[in-house]
Amino acid sequence: MSNFNKIKSITIKQPLKLDCGKEISNFPLAYETYGNLNEKKDNAILIFHALTGDQFASGVNPVTNKEGWWNYAVGPGKAFDTEKFFVICANVIGGCMGSYGPGTVDPKTNKPIGTNFPVITINDMVNAQYNLLDHFKIEKLFAVAGGSMGGMQVLQFVSNFPNKAKVALPIACTASHSAQNIAFNELGRQAIMSDINWKDGLYDGETSNPDKGLAVARMAAHITYLSKKGLQEKFGRNLQERSDLKFGFDADFQIESYLRYQGSVFVDRFDANSYLYITRAMDYFDLTKQHGGNLSKAFKESKTKFFIISFTSDWLYPTPENKDIVIALNAIGADVGFVEIKTDKGHDSFLLDVPDFLSTIKNYLSTTYLNVNERRI
Amino acid sequence: MKEEFKVISKLIDEKSRVLDVGCGDGILMEYLSKNKVVDVRGLEISKEKVKKCLSNGLAVVEGNAEYDLKQFPDLSFDYVILSQTLQAFMSPENVIKDLLRVGKKVIVTIPNFGHWKIRLDLLFKGEMPITKNLPYEWYNTPNLHMCTIQDFYNFCNNKGINIFKTISLNGQKTSKITPSNLKYKNLISELGIFLLEK
C-alpha cells in the first residue's frame with residue numbers, strides 16, 4: 001500500500017470526547033472530495049461509508065487501484081451528480097484508510113496502536129467528521145447520505161446536528177442494531193480473534209497478520225449481504241472448474257470458490273483490528289436508547305427532509321427496521337419520504353447497479369435542490 | 001387539471017398541513033403546493049407511483065392506508081384527503097375512522113354508483129356497469145365496496161360523522177348537495193365530494 005501519500009486528510013486538533021470516556025486530539029481524518037463546492041456553498045453532500053468502505057466513494061481508489069465503492073452512485077451525471085454537487089466522503093475513525101485507527105502507528109512505540117485504540121461509536125465517528133464542515137467553511141450541507149452503517153451515521157448526524165443538513169438519505173439501515181446483526185458481527189470478530197496471528201490485537205501487520213480469521217469474517221458477512229434468491233440464481237449448485245464432485249474439501253462449488261476469493265482479496269485492503277472496532281461501533285448503535293426509548297426525540301429539533309430507502313430482499317437491515325425510522329418521523333410530523341425498492345440483490349443493493357434506486361435518488365436530489373433553494377428551508 | 005382537484009383545493013385553508021391518502025402520482029399534491037401555502041404529505045401503496053412522487057421531490061411514504069395510517073398521531077393534519085379510493089379498501093369503515101382520527105377535517109370523494117347511467121346499464125343490459133370513473137370489469141376491479149352518494153350520506157349519519165359540505169361533480173359542473181336535493185343529485189352526479197369532521 002505504497003500510495004498512502006495520495007490520501008488527503010485534516011488533523012483534528014481540539015479534543016474529541018469519546019463515548020467510552022476517553023479523549024482523543026491531534027488525530028488525522030482522511031477524506032476525498034468529488035465535484036466542486038459552489039460559491040454559495042449550498043451544494044455539499046457528505047457521504048458516510050459502510051463497514052468496509054473508505055473515503056474513495058468514486059473514481060479509482062489510489063491505494064487499492066480498485067473502483068470506488070459507490071461508483072454506481074457517485075460521479076458526473078450519476079445519482080449523486082458531481083457536476084452539480086460537491087461530494088465529501090471521509091474514512092471513519094477506527095478505519096484503515098488514513099484516518100485515526102488501530103492501525104495508526106504510535107510514535108512512542110513505533111508500532112500500530114492495535115487494541116490499545118479506544119472503543120469508538122457511530123456517534124464518535126460522526127462527531128469527528130463534523131470537523132469537515134469547518135474545514136470547508138460550509139455553514140449547512142445540502143445533504144447527508146449513506147447506506148448500511150453509512151445510514152446509521154446519517155441518522156446520528158441529524159440527531160447531533162439537527163440543522164446542518166437540508167436533506168438526509170439513510171439507506172438500508174436501522175436505528176437500533178438488532179440481535180441478529182450483533183450475532184453476525186460477533187461471528188466475524190471471533191473468527192479474527194481465534195486466528196493465532198491476531199496476538200491479542202498486537203500483530204505488527206508486516207510479518208504477521210490474522211489473514212485467515214479476517215477472510216472467514218468477510219466470507220460470513222458476505223453471505224448476509226446477498227439474498228438467497230440472488231445466490232441461487234448466480235451460483236445454484238454449479239461446480240467450480242470440474243465436471244463432478246471430488247469427494248474432498250476443496251472448493252467443489254462455485255459459491256465456495258467465490259466466497260474464498262472474496263475473503264482473500266479483502267485481507268489485502270482491510271485491517272483486522274479495524275474490523276473489530278467498526279463492527280463494535282455498529283453493535284453499540286441504538287439511537288432509540290440514546291433518546292430514552294423514543295426515536296422521534298432524535299429528530300425533534302430538526303427541519304431536515306428525510307428520504308428513506310429499503311430493499312425487498314435485504315434481510316440484514318430489512319424493511320420493517322427502516323420503516324421504524326419512517327414511523328418515528330411521521331409521529332412528529334417530519335418531512336419524510338419512503339420507498340422500498342424491489343430487487344433480488346439483498347443488502348448489497350445499495351452498492352450495485354439497481355436502476356430504480358439510482359434514478360429515484362438522482363431525481364429526488366435534483367428536484368429537492370431546486371425546491372429548497374427556491375422556497376428556503 | 002381534474003375538476004375534482006380544483007374543488008378539493010378550494011376546501012383547504014392556507015397554511016394548513018395536508019395528508020393525501022392514496023396520492024397516486026402526486027398530481028393533487030403538486031397542484032396544492034403550487035396553488036396554496038400548504039405543507040402536504042402523501043401515502044401511496046404502489047411502488048411505481050411512490051418513486052414517481054419522490055422523483056418530483058414530494059414527501060410520499062410507501063404504505064397501505066389500512067395499516068399505515070396508524071403511525072400518524074391523532075389530529076396531526078388539518079386535512080386528510082381520500083380521493084376516489086375508499087371503495088378499494090377491505091374495510092372502508094375502519095379507514096374512515098382512522099382518517100377522522102388523524103385529520104381535523106377529512107375530504108372524501110366517492111365515484112357515485114347511483115349515477116343514472118350506471119342504473120340504466122344495470123337495468124337494461126343486466127351487466128356490471130363500466131364507466132369513465134369505473135373502467136374495470138367485475139372480475140378485475142380493485143373496487144370492493146362501491147357505494148352511492150346516498151349510501152355514504154347515510155353512513156355518515158349513522159356513524160355520527162358531521163358532514164360540513166357535500167359537493168356534486170358532473171363533468172365540469174359542480175353544485176351543492178343538500179338534504180332536499182340529495183335524491184336528485186344522487187342520480188346526476190358522477191362524483192360526490194364530502195367534507196367531514198368527527
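A residue is counted as buried if 20 or more other C-beta atoms lie within 10 Å of its own, as exposed if 12 or fewer do, and as partly exposed in between, with C-beta atoms placed from the backbone. By this criterion, buried residues make up 41% of the 198 residues in chain B. The structure is a predicted model, in which local features need pLDDT of at least 70 and side-chain atom pairs count only at pLDDT 80 or more, whereas totals for chains, interfaces and linings use all residues. Residues are numbered from 1 along each chain as its sequence is written, and chains are lettered from A and ligands numbered from 1 in the order in which they are written.

Chain B holds 8 helices and 8 strands, where helices (H or I, at least four residues) and strands (E, at least two) are DSSP runs numbered from the N terminus. The radius of gyration of chain B, 16 Å, is close to the 16 Å given by the globule rule for 198 residues, so chain B is as compact as a globular protein of that length; the radius is taken over C-alpha atoms, and the rule is 2.2 Å times the number of residues to the power 0.38. The C-alpha trace of chain B spans about 50 × 35 × 30 Å along its principal axes. Two residues are taken to be in contact if their C-beta atoms, placed from the backbone, lie within 7 Å, and of the contacts in chain B with a separation of 6 or more, 65% are between residues 24 or more positions apart.

Within chain B, B:Asp121 lies in helix α6 (residues 116-125) and is partly exposed, with 16 other C-beta atoms within 10 Å. When its neighbours within four places in sequence are left aside, B:Asp121 is in contact with B:Glu127 and B:Pro129. The C-alpha atom of B:Asp121 is separated by 16 Å from that of B:Cys147, 26 residues apart along the chain.

The contact between the two chains takes 16 residues from chain B and 20 residues from chain A. On the side of chain B that touches chain A, the elements giving two or more residues are α3 (47-55) and β3 (60-62) of chain B, and α3(B) provides the largest share, 5 residues. The residues of this side of chain B divide into 7 nonpolar, 5 polar and 4 charged, where Ala, Val, Leu, Ile, Met, Phe, Trp, Tyr, Cys and Pro count as nonpolar, Asp, Glu, Lys and Arg as charged, and the others, Gly among them, as polar.

Chain A is assigned domain 1 (2-177 + 286-375) and domain 2 (182-278), with bounds that come from an automatic or database domain assignment. The C-alpha centres of these two domains of chain A lie 26 Å apart, and 26 residues of domain 1 are in contact with 20 residues of domain 2. The side of domain 1 that touches domain 2 comprises 10 nonpolar, 12 polar and 4 charged residues.

In chain A, strand β1 (residues 8-12) runs antiparallel to strand β4 (residues 27-34), to which 5 bridges join it, two strands being paired if DSSP finds at least two bridges between them. A:Ser9 stands opposite A:Ala30 in β4(A). The strand β4(A) also pairs in the antiparallel sense with strand β8 (residues 86-90) of chain A, over 4 bridges, and A:Glu32 has A:Cys89 in β8(A) as its bridge partner.
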